[in-house]
Amino acid sequence: MTRRPALLFRADASHGIGFGHVARLASLIEELAALGPHGADPIAMFGGESTLVGWLANYGILATTDPFATAAPTALHLPVNENSAGRRASTATEHLGISDRDRSADRSVDRDRTGERTPIRRFATSDDLTPSVAAIRSWTTDDVIAAASDSNVRAVVIDGPPLAEALVPALDARGIRTIVLDDRGDCMLPADLVINHNHHAPGLAGSYPKARRLLLGRKYLMLRRTLRRLGRGACFAGRSVTRASAARLRVAISFGGSDPVGATVRTLRMLPSDRPLHVVAIAGPGFRDGDALYAAAYAAIANGHSVEIVEAPDEPGEVFATAHAAICSAGGTLGELAYLGCPAFACAITPDQIIGARVQVLEGLIAGGGNWAELSDDKLRAELRTFLADDARRNELAARALATTDGEGPRRILTDLLG
């Protein structure tokens, strides 16, 4: 019997580098499942923390941290893990509201009789197909080459500069097709294809002199299916905010899956007190400093705001879709907010975000755009005050950003890879 073609995916996630690299590959793996017989079998080789297991389950990707798991394609086809009601488990989520009347919020989650965390169950939808499988451990270059050498592997998709630098030359020397997902715009590797899904990427074409082909810009934005199900413009279509109609502006704060620079805590402390806000602070699966987060939340309450902390949400887009505005990092989250039509104030928290943030400010797609490490507290507070005070301006930003994406990026990429 003829075996289906396979695509190998390689990325890491951690507190230090965040979850964005794995999230982008997860969007492609989801889309492969949706293609059914017209798709390919994914071979997911991820490295990271144990929290990645539950996070991947939200996207139909079963993950194992078995150190003896192999990368052989035939080992990566497992049956769907469902309960008797046909429902798939997703990670438990804590929605913890804090108010000035209740500063001792119960930080516990539901637990079963054994004391273990009880996962929230969600019903499968028509888009939910047999999930893919990811083996999570420390992978060597030899491991990846061995898996990629299988005759059915069509290409190796790599996300993360250190991984690309280690893998592309070795794979290319063996004639194995390599796909690199890049944000920095300075990739000098002999990749078969480079994909940069950032808004400013078309202007970086000259930055990939050794790449054989390029897919650049938000036409190739890699959005998760769970987010796309919310609908393009989901936030913008239902948003009509004026000082008269909303006593408190609902503002989401998100700095990625781990927030390695502590931006969520700092933002909560820098919120101006001119306009009372209802703040929804998202602590991703890799977030670590919970004590500092709660202390900052109480400080925001003292300034007149109400605060809700959402820990490791199954789909952050559900929070964005209900917000009037968002404060975030200038990475992949900006594409998600653009698709939903949620106006964003963003700062670059890593060097590869600086150029993109500046371009989007100049084109009127976002507010802010500063380099987080160089932004003084006074300047940050002043810029936030301007952003939060001007309802009409935020509407304009959201409308322009919404026009830059249609959510078809994963389909376009896979059509290219499998065509």
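Biologist: Why is Trp372 called buried?

Modeller: The model is a predicted one. In it, Trp372 has 7% relative accessibility. Buried means under 20%, so Trp372 counts as buried.

Biologist: What makes Phe255 and Trp372 an aromatic pair, and why is the pair called tilted?

Modeller: Their ring centres are 5.5 Å apart, and the rule asks for centres within 6.5 Å. The planes stand at 55° to each other. Under 30 degrees would count as stacked and over 60 as edge-to-face, so this pair of Phe255 and Trp372 is tilted.

Biologist: Why is this pair said to tie parts together?

Modeller: Phe255 is in the loop between E12 and H7, while Trp372 is in the loop between strand E17 and helix H12. The parts are 117 residues apart in sequence, so the pair ties them together. Phe255 counts as buried, because its relative accessibility is 2% and the limit is under 20%.

Biologist: How do you know that the pair of Phe345 and Phe387 is tilted?

Modeller: The ring centres of Phe345 and Phe387 are 5.8 Å apart and the planes are at 50°. That angle falls between the limits of 30 and 60 degrees, so the pair is tilted. Phe345 belongs to strand E16 and Phe387 to helix H12, so parts 42 residues apart in sequence are tied together. Phe345 has 1% relative accessibility and counts as buried; Phe387, with 4%, is buried too.

Biologist: What makes the charged end of Arg266 count as sitting over the ring of Trp372?

Modeller: One part of the test is distance: CZ of Arg must be within 6 Å of the ring centre. The charged end of Arg266 is 4.7 Å from the centre of the Trp372 ring and sits over that ring. The charged end of Arg137 sits over the ring of Trp139, 4.0 Å from its centre.

Key: Residues are numbered from 1 along each chain as its sequence is written. This is a predicted model: local features need pLDDT of at least 70, side-chain atom pairs count only at pLDDT 80 or more; totals for chains, interfaces and linings use all residues. Side-chain values use heavy atoms; hydrogens and water are left out. Rings of Phe, Tyr and Trp (its six-membered ring) pair if their centres lie within 6.5 Å; planes under 30 degrees apart count as stacked, over 60 as edge-to-face and the rest as tilted. Helices (H or I, at least four residues) and strands (E, at least two) are DSSP runs, numbered from the N terminus. Buried means under 20% relative accessible area, exposed over 50%, partly exposed in between (1.4 Å probe, protein chains only). A charge sits over a ring if NZ of Lys or CZ of Arg is within 6 Å of the ring centre and within 35 degrees of the ring normal.
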